[in-house]
Amino acid sequence: MRYALLVATLTLSGLTLPGLAYAAGDNGWNPPKPTETTKTCKGKRVWDPEKKRCVRPKQSSLNQDELMGAVRELAYAGRNSDAQAVLATLTDQEDDRVLTYWGFTHRKLGHGALAATYYDKAIAQNPDNLLARSYMGQGFVEEGQFGLALAQWKEIRARGGANSWPETSLRQALETGVTTSY
């Protein structure tokens, strides 16, 4: 009943989903493109283009942004434990992007309370971290806490995120009950 009321509220607000064929992306609507990290490397390894082989993340020549890209790619591939191994090598563990992905991977591994702790830290570091808010809201949807998810959706919109990937993916989760894999 509450779910149906929520869907009706979103629909009456004129907030139906545009273009559901789109998917999440750091800067857009596209999922990460598979690289050798997910095509070739097994376990907790990333592709090092300089060495032309799979290596442990700490031994790679990848910079922090490239390692974050590997985290995102591994998470999209459902390899959340492997993504966490890469996250652990990042130098700034208090960076809100790092905290967001710690939360995401823990949520996908079934550790909802721990995920919420990381999302809270990410949002404390950067209240405008719309992705952390979206992922947190999607966790609330998974837990059946639609009011809390709706509050995050409203906060995303209030912070200028209308029609952004974080807003749209959370709205989709609220409307369908299905959350994103990345």
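Contact here means heavy atoms within 4.5 Å. The structure is a predicted model, in which local features need pLDDT of at least 70 and side-chain atom pairs count only at pLDDT 80 or more, while totals for chains, interfaces and linings use all residues. Residues are numbered from 1 along each chain as its sequence is written, and side-chain values use heavy atoms, with hydrogens and water left out.

View 1. E73 belongs to helix α3, residues 64–76; helices (H or I, at least four residues) and strands (E, at least two) are DSSP runs, numbered from the N terminus. Leaving out residues up to four places away in sequence, E73 touches P32, K33, P34, T35, T37 and T38. With T35, the side chain of E73 also makes a side-chain polar contact of 2.7 Å. A polar contact is a pair of N or O atoms within 3.5 Å; within protein, one must be able to donate a hydrogen and the other to accept it, and residues adjacent in sequence count only if both atoms are side-chain atoms. E73 is buried but has no salt bridge. Buried means under 20% relative accessible area, exposed over 50%, and partly exposed in between, with a 1.4 Å probe and protein chains only. A salt bridge is a side-chain nitrogen of Lys or Arg within 4 Å of a carboxyl oxygen of Asp or Glu. The nearest side chain of opposite charge to E73 is R79, 6.9 Å away; Lys and Arg count as positive and Asp and Glu as negative, and His and the chain ends are not counted.

**View 2. The disulfide between C41 and C54.** A search of the whole structure finds 1 disulfide, defined as a pair of cysteine sulfur atoms within 2.5 Å. The disulfide joins C41 to C54, with an S to S distance of 2.1 Å. These cysteines link distant parts of the chain and are 13 residues apart: C41 is in the loop between α2 (36–39) and β1 (46–48), and C54 is in strand β2 (residues 53–55). The torsion about the S-S bond is about -95°, so the disulfide is left-handed. C41 has a relative accessible area of 1% and is therefore buried.

**View 3. The salt bridge between K44 and D82.** The whole structure holds 10 salt bridges. In one of them, K44 pairs with D82, and the closest N and O atoms are 3.7 Å apart. The pair links distant parts of the chain, 38 residues apart, with K44 in the loop between α2 and β1 and D82 in helix α4 (residues 80–87). The two residues are listed with their accessibility: K44 is partly exposed, at a relative accessible area of 43%, whereas D82 is buried, at 12% relative accessibility.

**View 4. Two further salt bridges.** Side chains of opposite charge can pair when their charged atoms come close. The side chains of R97 and D95 form a salt bridge of 3.6 Å, N to O. R97 is partly exposed at 38% relative accessibility, and D95 is partly exposed at 22%. Another salt bridge, of 2.8 Å, N to O, is formed by the side chains of E155 and R159. E155 counts as partly exposed at 28% relative accessibility, and R159 counts as partly exposed with a relative accessible area of 32%. Elsewhere, salt bridges that share partners join K44, R79 and D82 into one network.

View 5. Helix α9 covers residues 165–176, which is 12 residues, and reaches 16 Å from its first C-alpha to its last. This is close to the expected 16 Å, the expected span of a helix being 1.5 Å times one less than its number of residues. Of the 12 residues of α9, 10 are buried, so the helix is largely enclosed by the rest of the structure. Among the buried residues are W165, P166, L170 and L174. Just after α9, G177 takes a positive phi of about 80°.

View 6. E167 lies in helix α9 and is buried, with a relative accessible area of 0%. The side chains of E167 and R171 are joined by a polar contact of 2.6 Å. Not counting residues up to four places away in sequence, E167 touches W153, I156, R157, G161 and A162. A173 is also placed in helix α9 and counts as buried at 0% relative accessibility. Apart from its neighbours within four places in sequence, A173 is in contact with Q138, V141, V178 and T179. A173 and S134 are 39 residues apart in sequence and 9.6 Å apart in space, C-alpha to C-alpha.
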